[in-house]
Amino acid sequence: MAMKTPIYLDNHATTALDPRVLEAMMPFLTAQFGNAASNHSFGVAAREAVESAREQVAALISADASEIVFTSGATESNNLALKGLAHAEGRTAGHIISSVTEHRAVLDPLAVLQRQGFDVTLLPVDSAGLISPEQVSEAIRADTFLVSVMAANNEIGTLQPISEIGAICRQRGIVLHTDAAQAAGKVSLDVDALDVGLLSFTAHKIHGPRGAGALYVRRRNPRVRLMPQIDGGGHEGGLRSGTLNVPAIVGLGAACAIAREGWAAEAEQLVMLRDRLRSRIQQGVVDARVNGPSDCRLPNNLNMSFPGIEGEALLIGLHDVAVSSSSACTSGLREPSHVLKALGLPDELAYSTLRFGLGRFNTADEIDWAADRVIETVQSLRALATPGSPGG
Ligand SMILES: *Cc1c(COP(=O)(O)O)cnc(C)c1O
């Protein structure tokens, strides 16, 4: 069987649109173009599609449809959750707890809140990237009103103990927000079992389209109130104004319905392929090291360092395997990832790191082929670095 290259192994960055999602979206990109706020038949059709997507989204996380706010993605959901709660009910100060390995879409809004006078504590993580419920307990102060901890990390796949943290927050009357952009569709997410007040996720990480996301906002037991961050026509219960992106919302709904049906079987398949990739690479590169947890890990995540090799050089050598180096390019300077640094990884190892993110459409043949390319590339880079050694 001929295999199509390049092989896509960067599913933490974004995922391919599932053909079933595209099919669900198509009518709303063509004949059914109505504005969901209009009262004629075009508008009614759009509105019905949006409300049925809201049911599908809510079902994935065992929420009520009335608790789902549509946004443009997880970045916007996180901004609405964090800034919206901080500024709700006339609040101007107070204490927020989060962790050092959060995505920039949490860290950056928190930095803004800090500049506005809020106190922010970022908890350190252990060598697997985990924070403990005890750390959260100990960090809580009388004025703590918000804890934000990601459900799953986008670089090393760490699954945080959200339900234990949620129980602590509930007991202390604090709202727990979780960024579930990577966890959605990969692990079980039930807003009551997790005891979260706010939960963010996005369509394009679960084989849906770019530009649609959701924020779960708890309505009862207790109700969570937010200050809107975008004002306009009062859409989405006044929490997020702006004409709804109907095709993308329909796509998000379809992606959630597919994920709800198939996530468990898919997770098993992903673990099998991920472990195959890891052991094959380790056979070929004996000193390759795995970063992140051995348990409590996303089924599709593998993060490996290759001592003595520049991650960027590896990426260039691996031109037909789409993976990510873990370094972030901030204002033209390459910096080792803040997540790997938080694990205590020395800079030179952090720079030698690749992140593999497997997805729904990867096959065992692709995994074997990609593993062989990684091994070859590491060997040839090492041969270059050591003139006269065999293998070059
Ligand atoms: C991708 C990602 C985001 C950002 O999501 P967008 O929909 O692209 O805004 C936020 N948090 C995590 C953990 C992510 O992986």
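Predicted model: local features only at pLDDT ≥ 70, side-chain atom pairs only at ≥ 80, totals over all residues.

I started with strand 5 (residues 144–148) and strand 6 (residues 175–179): they run parallel and are joined by three bridges. Strands here are DSSP runs of E with at least two residues, helices are runs of H or I with at least four residues, and both are numbered from the N terminus. Two strands count as paired if DSSP finds at least two bridges between them.

Residues are numbered from 1 along each chain as its sequence is written, and side-chain values use heavy atoms, with hydrogens and water left out.

Next, which strand order does the open sheet of seven strands have? I read 2-8-7-6-5-3-4, with mixed pairing. Strand 2 (68–71) and strand 4 (119–123) are the edges; each has a single partner strand, so one side of each has no neighbour in the sheet. The twist averages 20 degrees from one strand to the next.

Then the helices on these strands. Helix 6 (residues 162–172) lies across strand 5 and strand 6, at about 160 degrees to strand 6. Angles run from 0 to 180 degrees between N-to-C directions, with axes fitted to C-alpha atoms, for helices over the stretch in contact. Helix 8 lies across strand 2, strand 7 (198–202) and strand 8 (213–217), and runs at about 100 degrees to strand 7. Contact means heavy atoms within 4.5 Å.

I moved on to an open sheet of four strands, order 9-10-15-12, with antiparallel pairing. Strand 9 (289–290) and strand 12 (324–325) sit at the edges with a single partner strand each, so one side of each is left without a neighbour in the sheet. I counted five bridges between strand 10 (residues 301–305) and strand 15 (residues 353–357), which pair in the antiparallel sense. N303 has R355 in strand 15 as its bridge partner. Helix 8 turns up again: it packs on this sheet, touching strand 9, strand 10 and strand 15, and its direction makes about 15 degrees with that of strand 10.

Last entry: helix 2 (residues 41–60) packs against helix 8 (residues 246–284) at an angle of about 35 degrees, axes 8 Å apart. Among the contact residues I noted A49, A53 and Q56 of helix 2, and I249, G253 and R260 of helix 8.
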